[in-house]
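Reader: Hey, I've just opened this one and I'm new to it. Can you walk me through what's in there?

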Amino acid sequence: MKNNIQELRQIAGWSQAELAKRLNVSRQTVNALERGRYDPSLPLAFAIAQLFERQIEQVFQPDT
């Protein structure tokens with residue numbers, strides 16, 4: 001699954017550590033999400049979308 005978490009995080013001016021703290025996950029999880037190595041659980045995906053005030057489809061896109 002593709003995502004634009006890194007772009008949204010940078011626009012917000014947050015480090016990976018800051019985003020991880022806001023989501024209650026590890027910085028390594030944020031890094032894996034940004035690199036597309038980890039697909040989040042549905043609750044985490046909703047939490048990410050809500051944090052960035054986006055709909056889930058605006059953050060995550062299926063691989064083509």
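This is a predicted model: local features need pLDDT of at least 70, side-chain atom pairs count only at pLDDT 80 or more; totals for chains, interfaces and linings use all residues.

Reader: Okay, and at what angle do the axes of α2 and α4 cross?

Author: They cross at roughly 115°, and the axes come within 10 Å.

Reader: So are α2 and α4 parallel or perpendicular to each other?

Author: Roughly perpendicular, because angles of 65 to 115 degrees count that way.

Reader: Which residues make the contact?

Author: On the α2 side, L19, R22 and L23. From α4, the contact is made by L44, A47, I48 and L51.

Reader: Switching topic: how many aromatic pairs does the structure hold?

Author: One. The partners are W14 and F52, and the pair is tilted.

Reader: What are the numbers behind that?

Author: It's 5.6 Å centre to centre, with 35° between the planes. The pair counts as tilted because 35° falls between the 30 degree limit for stacked and the 60 degree limit for edge-to-face.

Reader: Where do W14 and F52 lie?

Author: Both are in loops: W14 between α1 (5-12) and α2 (16-23), F52 between α4 (42-51) and α5 (56-59). So the pair ties together parts that are 38 residues apart in sequence.

Reader: And are those two buried or exposed?

Author: Buried, both W14 and F52.

Reader: What about R9, where does that lie?

Author: R9 lies in helix α1. Its relative accessibility is 8%, so R9 counts as buried; the cut-off for that is under 20%.

Reader: Which residues does R9 touch?

Author: Leaving out residues up to four places away in sequence, R9 touches W14, S15, Q16, L19, E34 and F52. Among them are both members of the aromatic pair, W14 and F52. L19 is on that list too, and L19 is one of the α2 residues in the contact with α4.

Reader: Nice. And I11, is that buried or exposed?

Author: Exposed, because I11 has 61% relative accessibility. I11 lies in helix α1 as well.

Reader: How far apart are I11 and F52?

Author: In sequence, 41 residues; in space, 9.9 Å, C-alpha to C-alpha.

Note on methods
Residues are numbered from 1 along each chain as its sequence is written. Side-chain values use heavy atoms; hydrogens and water are left out. Rings of Phe, Tyr and Trp (its six-membered ring) pair if their centres lie within 6.5 Å; planes under 30 degrees apart count as stacked, over 60 as edge-to-face and the rest as tilted. Helices (H or I, at least four residues) and strands (E, at least two) are DSSP runs, numbered from the N terminus. Buried means under 20% relative accessible area, exposed over 50%, partly exposed in between (1.4 Å probe, protein chains only). Axes are lines fitted to C-alpha atoms, for helices over the stretch in contact, and angles run from 0 to 180 degrees between N-to-C directions. Angles under 35 degrees count as roughly parallel, over 145 as roughly antiparallel, 65 to 115 as roughly perpendicular and the rest as oblique. Contact means heavy atoms within 4.5 Å.
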